[in-house]
Amino acid sequence: MPSEPLLGEQDGAPVQLVNEAARTNIVLVGDHAGNAIPSALGDLGLSPADRRRHIAWDLGVRALGEHLAPLLDATFIHQHFSRLVIDCNRDPRSPASIVEASDGTPAPGNVGLCAEAREARRTAIHEPYHARIAREIARRRGDGARPVLVALHSFTPVLGAIPRPWQLGVLHHRGDTSLSRAMLARLRKEESLTVGDNEPYRMDGTDYTVPRHAYESEVPYLEVEFRQDLLADPDEVRGWATRFARWLTEAIAATS
């Protein structure tokens, strides 16, 4: 008999969109914007507090994207489910896409998964998300525009016992890095900011979204990390969205 589907009506769709009819060529994505867990998986053995921590999602990114989308007249595509269910910024074939522990916290519901269980998460959550990103990029190409991909992330202010001083970080590696370089140059004009160049993370072989959708197709991209304490308050989120929209517009203009 076929297995039961992973997602039920009560779970909602894995892919959420804001400003679907946007007119600009900018596609915003939030790989880790949600922290929901499909009801079929229970709580993965995690406490409510752990499901609200950085291990489960990128705090503040959903609100940031929701503010940026109208400011930029961009489409914001974000994932509804937690990165602990399956990480949409990891290759689904990699063990790192479904981790058994994160930052020292076990995820018992991820331990010893069979290939069928892993595949169910990929087909229900991971692939529909990436298929929608691909469609939005293709739609802009079909309209004669050059798409721009902007991946929004956030990072915890302290990892282990190590503080992280950057307010923002820009991640880049291969492909068309012109927008990433332009944004770094623009942010460095802001004397009040400490900006990371491939900090607090490097874009490397572990990343999936930008390499899949931007590298070979030479789509200009920007992967930006905001420190999570800056996005804890709704007023601060609005302020950062306003500033970031201005910086991004100027960086895009500098590459035109």
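Biologist: Which residue in strand 6 does Leu28 stand opposite?

Modeller: Bear in mind that this is a predicted model. Strand 2 and strand 6 pair in the parallel sense, over four bridges. Across that pairing, the residue opposite Leu28 is Val150.

Biologist: And in strand 3, what does Val29 stand opposite?

Modeller: Strand 2 also pairs with strand 3 (residues 75–79), again in the parallel sense and over four bridges. There, Val29 has as its opposite number Ile77.

Biologist: Which residues of strand 2 point the other way from Ile26, Leu28 and Gly30?

Modeller: In a regular strand, side chains alternate between the two faces of the sheet. Here Ile26, Leu28 and Gly30 point one way, and every residue on either side is buried. The ones pointing the other way are Val27 and Val29.

Biologist: Turning to helix 6, how far apart are its end C-alpha atoms?

Modeller: Helix 6 runs over residues 234–255, which makes 22 residues. At 1.5 Å a residue it should span 32 Å. The model agrees with that, since the end C-alpha atoms are apart by 31 Å.

Biologist: Which residue caps the N-terminal end of helix 6?

Modeller: Look for a side-chain oxygen by the backbone nitrogen of Asp235. There is one at 2.9 Å, and it belongs to Asp233.

Biologist: What covers the buried residues of helix 6?

Modeller: The buried residues include Val237, Trp240, Phe244, Trp247 and Leu248. An α-helix has 3.6 residues a turn, so residues three or four places apart point the same way. The cover includes strand 2, helix 2 (61–72), strand 6 (148–155), strand 9 (168–171), helix 4 (178–187) and strand 11 (221–227).

Biologist: Is Thr156 buried or exposed?

Modeller: Thr156 sits in the loop between strand 6 and strand 7 (158–159). Leaving aside neighbours within four places in sequence, it is in contact with His54, Arg164 and Gln228. Its relative accessibility is 11%, so Thr156 counts as buried.

Biologist: Which residue's backbone oxygen lies 3.2 Å from a polar atom of the Thr156 side chain?

Modeller: Stay with that loop, between strand 6 and strand 7. The backbone oxygen at 3.2 Å from the polar side-chain atom of Thr156 is that of Val158.

Biologist: Now charges: how many residues apart are Arg132 and Glu20?

Modeller: Their side chains meet in a salt bridge, 2.8 Å from N to O. The pair links distant parts of the chain: Arg132 is in helix 3 (residues 115–142), while Glu20 is in the loop between strand 1 (15–18) and strand 2, and the separation in residues is 112.

Biologist: Which residues are linked with Glu20 and Arg132 in a network of salt bridges?

Modeller: A search of the whole structure finds 21 salt bridges. In the network that includes Glu20 and Arg132, the other members are Glu136, Arg139, Arg140 and Asp143.

Biologist: Is Arg188 buried or exposed?

Modeller: Arg188 meets Asp197 in a salt bridge, 3.6 Å from N to O. Asp197 is at 33% relative accessibility, so it counts as partly exposed. Arg188 is at 53%, so it counts as exposed.

Methods:
Residues are numbered from 1 along each chain as its sequence is written. This is a predicted model: local features need pLDDT of at least 70, side-chain atom pairs count only at pLDDT 80 or more; totals for chains, interfaces and linings use all residues. Side-chain values use heavy atoms; hydrogens and water are left out. Helices (H or I, at least four residues) and strands (E, at least two) are DSSP runs, numbered from the N terminus. The expected span of a helix is 1.5 Å times one less than its number of residues. Buried means under 20% relative accessible area, exposed over 50%, partly exposed in between (1.4 Å probe, protein chains only). Contact means heavy atoms within 4.5 Å. A polar contact is a pair of N or O atoms within 3.5 Å; within protein, one must be able to donate a hydrogen and the other to accept it, and residues adjacent in sequence count only if both atoms are side-chain atoms. Two strands pair if DSSP finds at least two bridges between them. A salt bridge is a side-chain nitrogen of Lys or Arg within 4 Å of a carboxyl oxygen of Asp or Glu.
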